Amino acid sequence: LLELKFPLQEVHAYTQAVRRDHYNLENISNEEHRSLDDLLAAFKGIEISWMNLEADSPLIGKTLAEAGIRSKTGASLVALIREGQLLANPKSLTVFLAGDRLGFIGESPQIESVRKLILAEIQAETQG
């Protein structure tokens, strides 16, 4: 569900419900059906984009606060996956490392700006 860009909190709630039923999908309650329907309805207007940080990204070694992603692009970092561990809503002191997988929300132009920032294209444009 995360790869399909469903909201993390809703994915977690749905996963917990499936686990409570011992993974028997035939036992899905009406409440769980409603939860999944709500999840699908809420998701329609939100775009979450996942990007990988490569070793040459200018964000490596910077904290979220130092990177200034939201102020530079308008997009918000809502999740970080590092070594298989998910960190929802990373704190401003989180330091970016090569291999981090970052989840952003925002409008398409904001997401494109983040992509350029991660790839150092914005820095190159401002220096030239």
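This is a predicted model: local features need pLDDT of at least 70, side-chain atom pairs count only at pLDDT 80 or more; totals for chains, interfaces and linings use all residues.
**Strand pairing**

Strand β4, residues 101-105, pairs with strand β1, residues 48-52, in an antiparallel arrangement. Strand β4 also runs antiparallel to strand β2, which spans residues 76-82. The table gives the bridge count for each pairing together with one residue pair.

| Pairing | Bridges | Residue pair |
|---|---|---|
| β1 with β4 | 5 bridges | Trp50 and Gly103 |
| β2 with β4 | 5 bridges | Leu80 and Leu102 |

**Nonpolar core**

The largest nonpolar core contains 16 residues. Among the residues with the most contacts inside this core are Leu102 and Phe104, as well as Leu59, Ile69 and Phe96. Val114 and Ile118 also belong to that group. At least two core residues come from each of α3 (64-67), β2, β4 and α5 (108-118). Helix α5 gives the largest share, 4 residues. In soluble globular proteins, nonpolar side chains tend to be buried together.

**Leu97**

Leu97 sits in the loop that links β3 (85-88) to β4. Its relative accessible area is 40%, which lies between the 20% and 50% cut-offs, so Leu97 counts as partly exposed. Beyond its neighbours within four places in sequence, Leu97 is in contact with Leu53, Ile60 and Arg82. The C-alpha atoms of Leu97 and Lys62 are 8.4 Å apart, while the two residues are separated by 35 residues in sequence.

Definitions and conventions. Residues are numbered from 1 along each chain as its sequence is written. Side-chain values use heavy atoms; hydrogens and water are left out. Two strands pair if DSSP finds at least two bridges between them. A nonpolar core is a set of buried Ala, Val, Leu, Ile, Met, Phe, Trp, Tyr and Cys residues joined through side-chain atoms within 4.5 Å. Buried means under 20% relative accessible area, exposed over 50%, partly exposed in between (1.4 Å probe, protein chains only). Contact means heavy atoms within 4.5 Å.
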